[in-house]
Amino acid sequence: QATWAQGRQGSSAGRYPLLANFGLSSGPCHFEATLANMMAVMPAREKREERRTGRARAIRRVLPGTVLAAAGVAAFLCRRSPSHLAESVASVQPQDSSSAAVDPSGRKRQLRFGFSSPFEGMWRTCAVAGGTCRCTGTLVFSTLLGEPVREVNSDGDVQCTAEALGAPMHFDPRVCWCQDGIAWGDDVRKGLASLVRQGLTPRIEISTDESEEPTCDATSDGLWAGCVTMSRRWDTTVVPQVMQRAAPAEEQLDMSLRKLDACHRMAPHTSLRVLGVRPGQAGDSVSLPVSTASVCSVVYRPSEGALWTAAIPALYCAASPGTCTTTPCECRRNTDRKLELHTPEGRQCWACAEPGKEYQFRINALAEQMGGTSVSWWPPSGINCPPILWMFMDWRAVMSDCPVIFGYMCLLFGCLMVRKIEELSGGLIPWTRVTPLFGPTLKRGEIWRFFTFTFVHLQFLDLFHNLLTLLDALDVEGTPAIVLGDGSNLKCGVGAKQNFMCYPSIGLGSAHTLGVAVLSAMVGGMCSTWMGFKAVFTGASALGFGLSGAIVALYALYAGAELDQTTSVQRSFQDWVWLRLIFVGFHIAMEFIRGFSQKDVAGLFSHTAAFGAGFGYVLYFLPPMGDGSLLPSDRPYVVPCAYDTSEGLVADHYAPQCVRLFSQLYEYQVPVVQHNAWLMFITIIGFTVLNTVVLQRKTSSSEAALLAGMEVSAVCCTKKPQAAPGGRQPSWQGSNLEGKDIIFWCDVIDVSKLQLPAGGATWKPRLEVRLLGQDPRKASDALLAAEAQAAGRTREMEGAETLDVRESLFLPTKFSKATFVQLVLRNASPEASEAAVGVASIPLHQALRFNRRDFNEQRLKLSAVGAGSSVGAGRAVAHVVFRCLEVEELQRLQRRITKELDDRRFELQHYQREVDALKAIAAASETAADGGNGGAEGADRP
């Protein structure tokens, strides 16, 4: 209708385009005549238009995809496009309107870019999957469609397989591509490996002026600009330069070599240098003074090629079976033999073996070929074998990799043998006197007791508990390389066969483990003297708690820095770390329960302080974590501090370093943590000196104490005993305990295995305890007629086969090693006149030989004397308990007993009053009942 309306307004063909398209005249009078022809022609034309439109639509769809695919292939084959090059130039130039940078001297510097040929820097196909790729530069393992799977640095022939390149297994065809670079040589590799080993990040810089021959001195700072580019990890993920240190050490070295190639391709006619910067430094800045770097070396000059101008520290090859070093290295000992090996991925590596032990490396390779076909169940694998089992799995490996804790355990056992020899020899070796921690001895400068008291154990049970604690703390020093039952290795990162249940090696090392042991023992000993200055402290419990504190600190740093992302083993240890912390926490909780139940405040406080000392040692010294088999650098837990950008905090050349405990929420700057740890240690030392010199000034330095029947006292500055004519005696034989007033406490429990006298004789036994100044065992009459230094008797009892005595006797005396305790069984009947029938003797120092308890329980066999055979005194046994008290302790005991007696007397009086009241109530009730009954009877009478 619209066309018909337009047609009626004019007769020109221009006003009827639709009709003109069908070859009709433009007059309206012809519309009806040609309508049938028009309807017949329209379907054919519509079909042709639809086909033409479909072809155009198909071309529009295919052409852009083809162009994009071609662009992608071109970008993959040639990684250098104008935009990429412009970004690279912009990344190394200052943010200025001009393309040139100005150094401090005022002269302009311009990066020199150029290409030696149009095809330089292009990617080339070097091999298909299964072949050998000859490449010196960057090698990419990709799919046929160009998707990269693995990117590594190559220095020669490499097998183009997923196993050799460490890529995931696949079933589709793969291709290896090579981008040629520089053969950097062993010196550059060693230098970069030393930077990574020291925890430094390699920062690559490009020279801006070759005419000046820039070097590593401070005057050449204006001639260098940072080559700041993104880095690719082995799995082709792109990371910034500051995150490069998060990769394992071997991967960091590979990333640095590939980055050197990339920077060289940017400016092939300029020199390159490498700065070793700390993680907190501004490694991504355009310029960085060489004075802020720890290491500086020129690595490339156009006229000389690859070189390394800085000093290279010695790099030693691995010496344990199942390990090898991929960086060219040397043997630590000249007698070792250097072996050339290959990793499971086919990379060349080196190891050093002792002469005649090369077979051990081949055995480890054989374990890889076995593929776990062994049916052995012992040793167990990885996490299933905690440190407490390592000694039973392979004690030689434990001795080799954990020498400090292993040596300490052997030394503890040896010192226990010395203690037993001292008991058997009667104190010939003054071990008990000079090693335990006793407060008054500190007044004479005997500070070695802060360390030696951990070597004193009174019995094997105490030593056994501490040995278990040390066995469970073996991982604080390191993880031994123990071959497991399936052919793999206990230690993560060691061995040709991968073990996904391996045990991580994040220990402190032998030197720092010894430091933790010494410091924790010293701090625990100091704090124990605060609670009991006159008490005697022994045992290695403080040492065990110090090592536990170090373990908690290590794992707290591991979890806080999230080091799972930096390990060389593809598994997570986060859950295992928390499980290990739970075990340590359980040990600490049990100690607190024991301390509160036994009211051992001094021991509990000492152990807590030792735990804090071990924790503080790690935070102050920041020791290396592991031996490099799992983590990339010595201190991977030290990270740059997180900044709040909203407050405008920006790091120019240096950013503070921080440590994180357990999570990123608890982040602390390293100087602050070290200052607090140092302040805590100085405070402990200061208060110990104050307590010894000022607070305990009334305590005599000549004080002595008994420990298991042996004297504990000072040996320095003591009066020498009178020596025999022509002889000399050492000063330590001058006893401070000799002649000291003590209270000998003897509890007589019973006397058994007696018999009643025959013939109905009277038998009223009584036991007498005597202290003699001579040995009664050497006298024929047992010195029964000699006067005793002190004596006490029990009550008279009726004769029986077993006498239940249960009495306590307190005998005041002066301590002397020549004093003997004599038990005399007498017949107190009038006919016998206190005649002795049995006797037994024991030295005083042996009677006072206590172990873990504060008493010595003895069963002494009596010897018959006089008429003792008639009552069987020859086989009788006296059950007694010996204790030792000081005069002050006896007074305190007397006051306590008096108080208890008063309390019991008060309770007895209270109960007596209640009984009297009940009797009065009962009597009143009976009286009332009797009165009621009487009244009723009277009422019934007439």
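1. Let me start with a disulfide. The torsion about the S-S bond of C135 and C178 is about 75°, so this link is right-handed. C135 sits in strand 4 (residues 132-143) and C178 in strand 6 (residues 174-180), so the bond ties together parts that are 43 residues apart in sequence. The two sulfur atoms are 2.0 Å apart. Keep in mind as you read on that this is a predicted model.

2. Strand 6 has another cysteine to look at. C176 pairs with C160 in a disulfide, with 2.0 Å between the sulfur atoms. C176 lies in strand 6, while C160 is in the loop between strand 5 (148-159) and helix 5 (162-165), so this pair ties together parts that are 16 residues apart in sequence. The link of C160 and C176 is right-handed, with 105° about the S-S bond. C160 is at 0% relative accessibility and so counts as buried, and C176 is buried with a relative accessible area of 0%.

3. Now for a link with the other hand. C126 and C133 form a disulfide, their sulfur atoms 2.0 Å apart. Here the value about the S-S bond is -100°, and the link is left-handed. C126 and C133 are both buried.

4. How many disulfides does the structure hold? There are eight, and the pairs C126-C133, C135-C178 and C160-C176 are among them. In case the term is new to you, a disulfide is a covalent bond between the sulfur atoms of two cysteines. Elsewhere in the chain, C402 counts as buried at 0% relative accessibility, and C527 counts as buried at 2%.

5. Next, the helices. Two packed helices are described by the angle between their axes and the distance between the axes. Helix 11 (residues 403-424) packs with helix 14 (residues 460-471) at an angle of about 180°, and their axes are 11 Å apart. Helix 11 and helix 14 are therefore roughly antiparallel to each other. On the helix 11 side, the contact is made by I405, Y408, M409, L412, F413 and L416; helix 14 brings F460, L463, L467, L470 and L471. Sorted by class, this contact has eleven nonpolar residues, no polar ones and no charged ones.

6. P403, V404 and I405 of helix 11 meet S510, T513 and L514 of helix 15. By class, the contact of helix 11 with helix 15 has four nonpolar residues, two polar and no charged.

7. One proline deserves a look. P436 is placed in the loop between helix 12 (431-434) and strand 16 (437-438). P436 is buried, with a relative accessible area of 0%. Which residues does P436 touch, leaving aside those up to four places away in sequence? They are W431, R449, F453, V456, V536, F537, T538, L707 and V712. T454 is 18 residues from P436 along the chain, and the C-alpha atoms of P436 and T454 are separated by 7.9 Å.

8. Finally, the chain as a whole. There are 21 helices and 31 strands. Of the 942 residues in the chain, 46% are buried. Taking contacts between residues at least 6 apart in sequence, 68% join residues at least 24 apart. The chain exposes about 47,300 Å², with carbon and sulfur atoms supplying 58% of it.

Terms used. Residues are numbered from 1 along each chain as its sequence is written. This is a predicted model: local features need pLDDT of at least 70, side-chain atom pairs count only at pLDDT 80 or more; totals for chains, interfaces and linings use all residues. Side-chain values use heavy atoms; hydrogens and water are left out. Helices (H or I, at least four residues) and strands (E, at least two) are DSSP runs, numbered from the N terminus. Buried means under 20% relative accessible area, exposed over 50%, partly exposed in between (1.4 Å probe, protein chains only). Contact means heavy atoms within 4.5 Å. A disulfide is a pair of cysteine sulfur atoms within 2.5 Å. Axes are lines fitted to C-alpha atoms, for helices over the stretch in contact, and angles run from 0 to 180 degrees between N-to-C directions. Angles under 35 degrees count as roughly parallel, over 145 as roughly antiparallel, 65 to 115 as roughly perpendicular and the rest as oblique. Ala, Val, Leu, Ile, Met, Phe, Trp, Tyr, Cys and Pro count as nonpolar, Asp, Glu, Lys and Arg as charged, and the others, Gly among them, as polar. Accessible areas come from the Shrake-Rupley method with a 1.4 Å probe; for residues, only the protein chains shown count as cover.
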